[in-house]
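Hello,

Here is the structure I promised to pass on. Please open it alongside this message, and my notes follow below.

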Amino acid sequence: MRIVLICVIVFTNCYYLNAQYRIKASNAYPPFNFTNEKGELVGFNVDLLHAINELYYNKIEISSSDWETENRLLEQGEIDGIVGAHYPGYPDNDRLYTRSIINTSHSFFYNSRFHNNFSLEILRTLNEPVVALWENDVLVRYILSINPSAKFVYADDYNKLIQLLDDKNTTCAIAQRIIASYHISKQKKGYIKSSNHRILERNMGFMLTPNSYELAAILNNGMEVLLSNGEYQRLYNKWISAYDEEPDGLQNYWRYIIIISTMVFIVIMLLIIINHILQVRVRKKTQDLQLQLNLNKKIMEELSQQKNKAEQSDKMKSAFLANMSHEIRTPMNGILGFAELLKTQEYSKEEEQQFINIIKQSGDRMLNTINNILDISKIESGNEEAQIKEVYIPKIIADLGDFFMPEAVEKGIDLKIMHPDKKCFEFDFYSDQYKLTSILTNLIKNAIKFTKKGYIKVEYSVSNKELEVIVSDTGIGIEEKKQKEIFDYFVQADHSHSSGYEGSGLGLSITQGYVKLLHGEINVSSRRGTGTSFTVRIPNAFPEHHSKIIGSQDLEDLVEVSVSNKLKIIIVEDDETSLNYLSHLLSDISSSLKWAKNGLEAVAMVRENPETDVVLMDIKLPRMNGLEATREIRSFNKEIYIIAQSAYAHNNYKKEALTAGCDTFITKPINKIALQKLLYRLKQRA
């Protein structure tokens, strides 16, 4: 071991045999000069000094010590100079300074987890900001000149200074820019950022004894050589560059920039590959590509048309909603207004009957509006299905003529029903009676609405293949440019020709929807001011299995039979208004009428009264709904007749009620005659 030590000493003495000058460097001033983990003196200033020393054949002895010791040795003349000294900024006859090695400065540092950004303006406007720094009068006065209310926390070293920034209460720190950045990097605290603002800029170089002119010349000339041959820049990039860069707005997003750049590169490469493939295909299949381009052009045109339609539809929706509000509020005004009159004053029998008729008409009008909205909803969603049965066309049209005749006579219009010859009655015709009736009802109703004088003519013919109906009038007519729009949803409410006419404006939309559902077609021919003609063609459906329809007269006979039978009935209803209505409706055909408020009460009441004939079961009930109550009743009573009643009119909902065990289904508001027809089935089943 002693031999090794002697060899090291001999080697060191040989290395510095020619050394004429001794320069010290601080061992704790990274990255300029410091002692690394191996005990070696390294850093930017040290490497510069070594490079200069090599130019002058090792005339300089380089060693390390702490800052206080090396200053004392320089003062005593035991060494010739110190590297890494800042120039004082005033004449100093006791020291000799070389040219500047590097320019240093102080900057503000902040924790980006607590602050999105930092600037002097932010520091100036904060109330009592907390600043971390060395205990230095110059720095304190500088901060107070910016914000006199600032508070300070002090650190003895850079590690503690950086740790203070992890405190949420610390606004910022001010420190030597390069050294602080070095320590931040070593501690891997990338979230601590520096501002671009630099203060206390100073030059750093060599501080020598007053008479070291030759040494100063060596150092200055050596710096010139290192600057010219690029060695200085290499050492700067090695030690300083990473810690002296200006922060920019992209440094927080470099990961995203790399990801996006990679994606862009991949997309570009894919585009290059696709372009190459397309070029090959273009050369081989030019004609196919042209066809594809034509198809794309048509698709774009169609998309443009659909876009225009959507924009037009959005505009019309507002008008539609306004019209729906009017169509609901107007009859409600009649219902509530005349109901209030009947409640607050006494009137004659004739006046009371008149008020009641107005209330009924208003209710019918509002119900018609709601039904129209529901029909449109079902057509639009594709949930409406055709129920094909045998229908008797002459009877349907004759009934519609009888129904609309009083209204036509009241307006002074001649309603003509043109029946064909008897050959048309020889064919069996199959279709959806409800939808067919709705189509013809809307056409005749529209004709009466928009005709002030003249006539309305309904012509039809039935063949083995189709039904053709023509409804023509002498009304106000439709402009040619609007004839294609009258069937669209949300359009009629905004048409100027319909302004001032009562109605929701959905009749023709529903009509066209039902015509399409029955695989038919509808056409319009009209001239403004001379009248309109609608032509409807509905194909004969010819189902393999069909149900025979009961005629209207037969149904009336059935009602008369059912009225004479006294039934024991349980009404399951949670709404007292609906209960009162049903109680009055059934008072003349029931011998016993009971009321259950929910499904649980209904089940218990049927158990206690097994002789009950009919249960009117509301579907939407508290505690136990109507479907659950029906299933429970069917578990111990298979014979009782259960009629489901609900405001939900969708076919799927009806099927769900029948599956649960209900015998039939009736939709609210309940019509007395319709209910009596259902009750007749109980008589037939018995």
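How many bridges join strand 20 to strand 21, and do they run parallel or antiparallel? There are six bridges between strand 20 (residues 567–572) and strand 21 (residues 590–596), and the two strands run parallel. Please keep in mind that this is a predicted model.

Three strands form an open sheet in the order 2-3-4, and their pairing is antiparallel. Strand 2 (28–29) and strand 4 (41–42) are at the edges with a single partner strand each, so one side of each has no neighbour in the sheet. Strand 3 (residues 33–35) is joined to strand 4 by two bridges, and T35 stands opposite L41 of strand 4.

Finally, have a look at E70, which sits in helix 3 (residues 67–76). E70 is buried but has no salt bridge. The nearest side chain of opposite charge belongs to K24, 7.1 Å away; a salt bridge would need the charged atoms within 4 Å. A polar atom of the E70 side chain does lie 3.3 Å from the backbone nitrogen of S26. Leaving aside residues up to four places away in sequence, E70 touches K24, A25, S26, S65, I79 and I82.

Note on methods: Residues are numbered from 1 along each chain as its sequence is written. This is a predicted model: local features need pLDDT of at least 70, side-chain atom pairs count only at pLDDT 80 or more; totals for chains, interfaces and linings use all residues. Side-chain values use heavy atoms; hydrogens and water are left out. Helices (H or I, at least four residues) and strands (E, at least two) are DSSP runs, numbered from the N terminus. Buried means under 20% relative accessible area, exposed over 50%, partly exposed in between (1.4 Å probe, protein chains only). Lys and Arg count as positive and Asp and Glu as negative; His and the chain ends are not counted. A polar contact is a pair of N or O atoms within 3.5 Å; within protein, one must be able to donate a hydrogen and the other to accept it, and residues adjacent in sequence count only if both atoms are side-chain atoms. Contact means heavy atoms within 4.5 Å. Two strands pair if DSSP finds at least two bridges between them.
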